[in-house]
Amino acid sequence: MNLSSLPELDRRRTQTTIESMLEKYRIFKTVTFEAKEAGITYSYSERFHGPTHTITDQTAAIAAHNVDVPAARRAYCAALDSVVDRLDKREQQLVRERYMRRDEVYDYTVYNHVFDPPVSKDTYVKIRSKAFYKMALALTDLGLLSLDSLIKNGSSMKQEELKNRGLPSVY
């Protein structure tokens, strides 16, 4: 696939979207999941007659929640890890150090102290833009992101062209 067939994405919207996904990743990695427990409280409560054909199973719903939510969190983190693993070495280093670490790291710290040799701010922005572009395309393939909101206004690539090129348009 040559470069002319790839969609042209709005850089700012792509950056905002990928940064929010990486923030969600960081939250999932740092905040522990609190399992729900079934509550048994005996007290009088007025019950109005409702549909008799419905059955509620509070314990089953809680058990399903306690299994499904952590599994979804692990799957999300694993998907982002696999996308970052496929980036170039410098792009991986940038994304991991700036966005995937537990502590807050600033851009100037990464381009001055993490990169060896240090790079300029402009070079850092170019590396980050390329990484986010590649991540947006990979996350679209995984079904975690839709390119519709990221395509640059006035871009010559339309929905039909996306479908013809095998890129998904909506998930």
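1. Arg98 lies in helix H3, which spans residues 89-99. Helices here are DSSP runs of H or I with at least four residues, strands are runs of E with at least two, and both are numbered from the N terminus. The model is predicted, so local features need pLDDT of at least 70 and side-chain atom pairs count only at pLDDT 80 or more, while totals for chains, interfaces and linings use all residues. Residues are numbered from 1 along each chain as its sequence is written, and side-chain values use heavy atoms, with hydrogens and water left out.

2. Is Arg98 buried or exposed? Arg98 counts as buried because its relative accessibility is 13%; buried means under 20% relative accessible area, exposed over 50%, and partly exposed in between, with a 1.4 Å probe and protein chains only. Leaving aside residues up to four places away in sequence, Arg98 touches Arg26, Glu104, Val105, Tyr106, Asp107, Val110 and Tyr124. A contact means heavy atoms within 4.5 Å.

3. The axes of H3 and helix H4 (residues 107-114) come within 10 Å and cross at roughly 130°. Axes are lines fitted to C-alpha atoms, for helices over the stretch in contact, and angles run from 0 to 180 degrees between N-to-C directions. H3 and H4 are therefore oblique to each other; angles under 35 degrees count as roughly parallel, over 145 as roughly antiparallel, 65 to 115 as roughly perpendicular, and the rest as oblique.

4. On the H3 side, the contact with H4 is made by Gln93, Leu94, Glu97, Arg98 and Tyr99, and on the H4 side by Asp107, Val110 and Val114. By class, the residues of this contact are four nonpolar, one polar and three charged. Ala, Val, Leu, Ile, Met, Phe, Trp, Tyr, Cys and Pro count as nonpolar, Asp, Glu, Lys and Arg as charged, and the others, Gly among them, as polar.

5. H3 also meets helix H2 (residues 58-85): their axes come within 9 Å and cross at roughly 145°. Asp81, Val84 and Asp85 of H2 meet Gln92, Val95 and Arg96 of H3. The residues of the contact of H2 with H3 comprise two nonpolar, one polar and three charged.

6. As a whole, the protein has six helices and zero strands. Of its 171 residues, 31% count as buried. Among contacts with a separation of 6 or more, 70% join residues 24 or more positions apart.
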